[in-house]
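Look at the structure below and keep the sequence beside it.

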Amino acid sequence: MRIPFDNSYAKLPSQMFTPQLPTPVKAPQIIATNTELATLLGIDPAELASADAAQVFAGNHIPDGAAPLAQVYAGHQFGNWNPQLGDGRAVLLGEVVGSDGIRRDIQLKGAGPTPYSRSGDGRAWLGPVMREYLVSEAMHALGVPTTRALAAVTTGERVLREEILPGAVITRVARSHIRVGTFQFFASRGDMAALAALTDHVIARHYPDATGPAELLDQVIARYAALIAKWMGLGFIHGVMNTDNVAIAGETIDYGPCAFIDDFHPDSVFSAIDQYGRYAYSNQPGIGAWNMAQFATALIPLMPDRDAAIEAFTAAVHRFPVIYDAEWLKVFGAKLGIAEPVDDDRALITDLLDLMAKDGADFSNTFAHLGTDTARDQFLDRAGFDAWAMRWNLRKAANAAEIMGKANPQIIPRNHQIEAVIAAGRTGDMAPFHTLLAAVTAPYAPLTEATAPFARAPSKGEAVTRTFCGT
Ligand code: AMP
Ligand code: MG
C-alpha cells in the first residue's frame with residue numbers, strides 16, 4: 001500500500017518522542033475502511049481492499065516513508081496532575097498532506113506497548129475501536145471538528161480486561177495529536193528548547209497567522225470554545241476532558257466514554273469513572289475554560305515579561321466564556337430556526353431546555369421535530385410547552401425549517417445502538433456495525449425505512465446510561 005508520507009513531527013527535537021515500531025499481531029482482518037478519507041489523504045481506495053491493507057492497518061507491515069514514533073505528553077486527569085503520560089498504545093506512522101492541502105497524522109491506536117505504556121498492555125479491544133470509529137465519523141458528518149477513522153482491524157489476538165476480549169486496532173487520522181498536555185510536559189520540566197520548538201511547530205502547522213504564543217493562545221481558545229458549543233448543541237458529552245485529551249488543533253479527540261444524551265438532563269454523566277460528574281454535560285464549558293487556563297500556564301515560560309504575560313493570559317482565558325456564549329447562541333439559535341439570534345433569544349432557548357429537563361424530553365428528537373406533535377409528545381407539561389411554542393412561533397424565521405434542517409440531526413449514534421453493534425461484533429457479526437455507520441454518517445438526511453429505527457429514542461429498558469473507558 002502506498003501512503004504519501006511527508007513527516008514533520010519526527011524532525012522535532014528528539015526528547016519530544018520515542019521512535020517506536022508497532023508490535024505485529026497474529027491474524028489481522030479488516031473490519032472497515034474509509035474510502036472517502038483515504039482519497040482525501042492521497043491513498044488509492046483500490047488498495048484498501050488489498051491483503052496488504054490489513055497488514056498495514058494492524059502495524060504488521062510498515063509502509064515506505066513512515067517514521068513510526070510514540071509521542072510524550074503529560075496532563076491533568078480529572079484535575080490531578082500527571083507529569084508523565086504519552087502514547088501508551090498508539091504509534092504515529094507519519095503525516096500526509098491531503099488533497100485539501102491540510103497536513104494530517106496517521107496513527108495506529110492499539111498498536112502495542114511503548115515506553116509510555118506504564119502498566120498497560122498497549123492494546124485496544126474491539127468495543128472501543130468500534131465506538132470510536134462510529135462516533136468520530138458521525139461527528140464529522142454532523143459538522144464537528146474531530147479526529148477521524150481511516151480503518152479498523154481485528155488482530156486475531158485476545159486482550160485481557162475484566163474478561164478476555166477480541167483485540168483490535170483503529171487507524172486514527174487527526175490534524176495532529178498534539179495536546180494541551182504536550183505543552184504541559186515540556187513546561188513542567190523547564191525544557192525551553194522543546195517548548196519553543198513545539199510552539200513554532202504548532203503555529204506553523206495549525207495557526208499560521210498567529211505571531212507568537214499570545215496570539216496562539218487567543219486562537220486556540222476561540223477554536224476550543226466553538227468546539228464545545230457544537231458539542232452542547234448535539235447533546236454530546238465527551239466524558240474525559242483531561243488536558244491530555246484536548247487537541248491543540250481544536251478537534252474532538254478520545255472517544256473513550258463519550259455519549260450523546262437521550263432524555264435531556266443538564267447534569268447527565270455517562271462515564272463510569274467520572275464519579276463526581278466533573279465532566280457532566282453542563283460542566284463542559286467551565287472545564288473548557290479550566291483547560292485553557294492550563295494551556296496558558298504552559299505558555300508563560302516562553303514570555304519575556306512573566307508578570308505582564310500572566311495578566312494578559314488571564315484576560316485571554318476570561319474571554320473563553322464570552323466567546324463560548326456567543327457560539328452557543330449561534331448553535332442553539334439555528335436549532336430553533338432563528339436567522340440572526342440576539343441576546344434576547346437566550347431566554348427562549350433556555351426556557352425550552354428547562355422544559356426538556358423537567359420532563360426528560362429526548363434531546364435530539366425534540367429539536368428534530370419541533371413544530372410537530374412528535375416534539376410536543378416529548379413533554380408531560382403540554383400547557384408549558386404550548387406556551388413556549390407560541391413565543392417560538394412569533395420569533396422563528398420564515399425559512400426556519402431550512403435553518404433547522406441543517407442544525408438538528410435526525411440521527412445521532414445512540415448509546416444503546418452502539419452497545420448492540422459491539423455485542424454483535426463480539427460474535428463476529430459486523431453487519432450491524434456497517435448499517436449503523438451508514439445511518440450515523442448521514443445525520444441530516446430525511447429518515448427512510450432503513451434508518452428510522454436509529455432515530456428512535458431508547459425505551460426505559462433499552463437505555464444505556466453508563467459508558468466505560470474499557471481501554
Ligand atoms: P486515555 O484515558 O485514553 O486518555 O489514556 C490515558 C493514558 O493512558 C494515555 O497515556 C494512554 O496512552 C494510556 N493508556 C490507556 N490505555 C492503555 C493501554 N491499554 N496500554 C497502555 N497505555 C494505555
Ligand atoms: Mg487520551
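Against which elements do the buried residues of α4 pack? They pack against β3, β4, α5 (192-206), α6 (213-233) and α7 (284-299). Helices (H or I, at least four residues) and strands (E, at least two) are DSSP runs, numbered from the N terminus. This is a predicted model, in which local features need pLDDT of at least 70 and side-chain atom pairs count only at pLDDT 80 or more, while totals for chains, interfaces and linings use all residues. Residues are numbered from 1 along each chain as its sequence is written, chains are lettered from A and ligands numbered from 1 in the order in which they are written, and side-chain values use heavy atoms, with hydrogens and water left out.

The confidence of the predictor in each residue is given by pLDDT, on a scale from 0 to 100. The protein averages a pLDDT of 97, and 100% of the residues score at least 70.

Helix α4 covers residues 180-188, and eight of its nine residues are buried. Buried means under 20% relative accessible area, exposed over 50%, and partly exposed in between (1.4 Å probe, protein chains only). Among the buried residues of α4 are V180, F183 and F186. Just after α4, G190 has a positive phi of about 65°.

F183 also belongs to the largest nonpolar core, which has 120 residues. Such a core is a set of buried Ala, Val, Leu, Ile, Met, Phe, Trp, Tyr and Cys residues joined through side-chain atoms within 4.5 Å. F183, F295, L336, L370 and W388 have the most contacts inside this core. The largest share of the core, 11 residues, comes from α6. Leaving aside neighbours within four places in sequence, F295 is in contact (heavy atoms within 4.5 Å) with V180, F183, L216, L217, V220 and I248. Apart from this core lies another, of 26 residues, including V25 and A151.

Now turn to the two strands that α4 packs against. Strand β3 (residues 69-77) and strand β4 (residues 80-86) pair in the antiparallel sense over five bridges; strands count as paired if DSSP finds at least two bridges between them. G75 stands opposite N82 in β4. The two strands form a hairpin with two residues between them, and F78 in the turn has a positive phi of about 50°.

N245 is buried, with a relative accessible area of 8%, and D254 is buried at 15%.
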